[in-house]
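Here is a quick tour for someone meeting this structure for the first time. Have a look at the sequence and the model, and then we'll walk through the parts one by one.

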Amino acid sequence: MSTVAKDHPWLSVEPYKVSVDEYRSYRRDGYLIVRGLVTPEHVKDLLHHTEDLIFGRMEVPGAPPFDPNASLKEIETRLLRIHMMHLQLEIWERYLLYPRILDVVQALIGPDVAAMQTMMFIKGPGAYGQGFHQDTYYIPTFPDSLIGAWIALDPADTENGCLWMSPGSNTEPIYPPTEGAGYGEWGLEGLPTVANVGAHSNDDENSLNELKPIAARYAERETAAVMSPGDVAFFSGHVLHRSKQNRTEDRMRRSFVNHYCNARSFTTWHGGNQHQILARGNTHLPFAVPKFGTPCAANNPGRISISDNPLSPPMMMATPDGTMTPQVPSGKDHDHDHEQPSFTLGATK
């Protein structure tokens, strides 16, 4: 089991508190951009790491070997998308468990949070985007609670291939694949299947992507997620989104992307719950501990969650006669970790 360093930098990061307006915006639109959530110092840390990857100072398993004689354009386009390196590199685990991102995730889908996936996009000049897709198609959770967190490391705009979001499309079901891998809500009457979603239709027109007619319902509302370094876009696993081609000749669009779910949700993705790190709160399900000791709920023996222990009495509870009556604690101290409070009938004062 990993241990937490007492001087870990995340222990002194200033918390972020989600506002009521931000909460409403996420529920309404299916996504929320929080400006400046990752501090300039930490953006610089991630950018330095991308330079190490781009210029071959760190090896990327499965990637073409770095060629020191390659042109700058060849170097910039050698890597596009890197997956799941938090299992191998401490810096990836560190930013998967970045406290200010977890603050937002916990407010939107918590109180219990599991950290699931890391990706890095190094989108060089001329690189294609990714066609319309829904993330829960790839990463299903039960109950359905997936959320993505897309960290901008460079300015992202319509010229260098920023994200495009379809506000309100979070109300759409997950459309299942016509064949092959992918999750969908097959139990719904009249639900069409889709083919060639996401990366299988990697151009701006999405001519083969069968999610395009569904996304067309939101065409007038589709919004470019123009972001500055340190901004973070949080988006539901249902929301339709895409990115377009980097049409610049000299600008990159780098980003670090994480996925999370409520830690009480069951998943079979990537080996099941026992491989997802418990980031916040608690869970009745198996979970993983961070390999490199980044502080989080998994390596906090005193962890507690409001989902374990109601912390705000009085509560409305059913009484034997079938009515709903306020219940107050019996007087027993119920703030201890993992201790369930005892309730007696009575009225609030």
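## Helix H5 and the ground rules

Let's start with helix H5, whose buried residues are Pro99, Arg100, Ile101, Leu102, Asp103, Val104, Val105, Leu108 and Ile109. Buried here means under 20% relative accessible area, while exposed means over 50% and partly exposed lies in between, using a 1.4 Å probe and protein chains only. Helices (H or I, at least four residues) and strands (E, at least two) are DSSP runs, numbered from the N terminus. With 9 of its 11 residues buried, H5 is mostly covered.

A word on what you're looking at: this is a predicted model, where local features need pLDDT of at least 70 and side-chain atom pairs count only at pLDDT 80 or more, while totals for chains, interfaces and linings use all residues. Residues are numbered from 1 along each chain as its sequence is written, and side-chain values use heavy atoms, leaving out hydrogens and water.

## The overall picture

The protein has 349 residues, and 53% of them count as buried. It is built with 6 helices and 14 strands.

Contact means heavy atoms within 4.5 Å. Take the contacts in the protein with a separation of 6 or more: 74% of them are accounted for by residues 24 or more positions apart.

## Two nonpolar cores

A nonpolar core is a set of buried Ala, Val, Leu, Ile, Met, Phe, Trp, Tyr and Cys residues joined through side-chain atoms within 4.5 Å. The largest one has 57 residues, and Ile82, Ile101, Phe234 and Tyr260 have the most contacts inside it. There is also a second, separate core of 17 residues, which includes Ala152, Ala156, Leu163 and Trp164.

Which residues does isoleucine 101 touch, not counting residues up to four places away in sequence? They are Leu37, Val38, Ala149, Ile151, Val232, Phe234, Asn258 and Tyr260.

## Helix H2

Helix H2 covers residues 40–54, and its 15 residues should span 21 Å at 1.5 Å a residue; the end C-alpha atoms are 21 Å apart, which agrees. That expected span is 1.5 Å times one less than the number of residues in the helix.

The buried residues of H2 are His42, Val43, Leu46, His49, Thr50, Asp52, Leu53 and Ile54. An α-helix has 3.6 residues a turn, so residues three or four places apart point the same way. After H2 comes glycine 56, with a positive phi near 75°.

## Two cis peptide bonds

Proline 111 sits in the loop between helix H5 (99–109) and strand E3 (113–123). A cis peptide bond joins it to glycine 110, with omega about 20°. Is proline 111 buried or partly exposed? It counts as partly exposed, because its relative accessibility is 27%. Leaving out residues up to four places away in sequence, proline 111 touches Gln106, Asn262, Arg280, Gly281, Ser305, Ile306 and Ser307. Serine 307 is 196 residues away along the chain, yet the two C-alpha atoms are separated by 7.1 Å.

Another cis peptide bond joins phenylalanine 142 and proline 143, with omega about 0°. You'll find proline 143 in the loop between E4 and strand E5 (147–152). Both Phe142 and Pro143 are among the contacts of serine 265, along with Thr141, Ser145, Asn273 and Leu285, leaving aside neighbours within four places in sequence. Serine 265 lies in the loop between E10 and E11, and it counts as buried because its relative accessibility is 2%.

Two strands pair if DSSP finds at least two bridges between them.

E4 pairs with strand E9 (residues 241–243) in the antiparallel sense over 2 bridges. Histidine 133 has histidine 241, in E9, as its bridge partner.

## Positive phi in two loops

Asparagine 196 has a positive phi near 60°, in a residue other than glycine. Its loop runs between strand E6 (163–165) and helix H6 (212–215), and its relative accessible area of 33% makes it partly exposed.

Histidine 270, also not a glycine, has a positive phi near 50°. Its place is the loop between strand E10 (253–262) and strand E11 (277–280). Histidine 270 counts as partly exposed, at 39% relative accessibility.
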